[in-house]
Amino acid sequence: MKRYLIASVCATALVGLAACGDQTNNPGQSDAVNAAQDATSAVVGQTSAATIGANTLSGYVNGAAIGDMYEIEAGRIAQERGVSAGVRSLGEMLVSDHTASSERLAGLARAAGETVPAEMDERRKGLLDNLRAAQGAEFDRVFAEQQVAAHQEALTLHEGYADSGDNAQLVAFARESAPKLRAHLERAQALETATAQ
């Protein structure tokens, strides 16, 4: 009887967790769950960028490459689904700037003996899933909030590596990347203010 009860509780918990991730079966819960996931991701990303990424060559390359991948895909989604012209315009800028950054980073990483990751981490995939789940004006709000957090994380990563990195070419790349990232952040912050009203 005890084993049956434990198995039953475990099965119920697994079904509940699966339902949290299944937005078609739980549409009323998805916005709150997605917002909580995005907020948690922002804290995790900022902490990771300030510690591992800013202080190690492989951590920096990994963080910068995955950040570029996320930005390119988020930008593509924004170009297709953004309601406001500002969201679509920022999406276009992200695709262009982060594609160029990604290509340059790959060459510098190879020269430094590092391998760039082939795909995004689960955290960034989750952000993209949450972005795809948003509709209409809610999409613009979620996109703006995610971009503010992502660019704060990216600035922490690049500025940290520029200050303490041990590869001269990648330190220069990190320094050169910061102004564009700051411009993206400012655009995202303006969109966040506009979509909050």
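1. Helix axes here are lines fitted to C-alpha atoms over the stretch in contact, with angles from 0 to 180 degrees between N-to-C directions; helices are DSSP runs of H or I, at least four residues, numbered from the N terminus. This is a predicted model, in which local features need pLDDT of at least 70, side-chain atom pairs count only at pLDDT 80 or more, and totals for chains, interfaces and linings use all residues. Residues are numbered from 1 along each chain as its sequence is written, and side-chain values use heavy atoms, without hydrogens and water.

2. Helix H4 (residues 85–111) and helix H7 (residues 168–196) have axes that come within 11 Å and cross at roughly 170°. The two are therefore roughly antiparallel (angle over 145 degrees). Contact (heavy atoms within 4.5 Å) involves, among others, Leu90, Met93 and Asp97 of H4 and Phe173, Glu176 and Lys180 of H7.

3. Two aromatic pairs are counted (ring centres within 6.5 Å; stacked if planes are under 30 degrees apart). The rings of Tyr60 and Tyr161 have centres 4.3 Å apart and planes at 10°, so they are stacked. Tyr60 lies in H3 and Tyr161 in H6, so this pair ties together parts 101 residues apart in sequence.

4. In the pair Phe139 and Phe143, the ring centres are 6.2 Å apart and the planes at 10°, so this pair is stacked. Both Phe139 and Phe143 are buried.

Definitions and conventions: Parallel < 35°, antiparallel > 145°, perpendicular 65-115°, else oblique. Phe/Tyr/Trp six-rings, centres within 6.5 Å; stacked < 30°, edge-to-face > 60°. Buried < 20%, exposed > 50% of the residue type's maximum accessible area, 1.4 Å probe, protein only.
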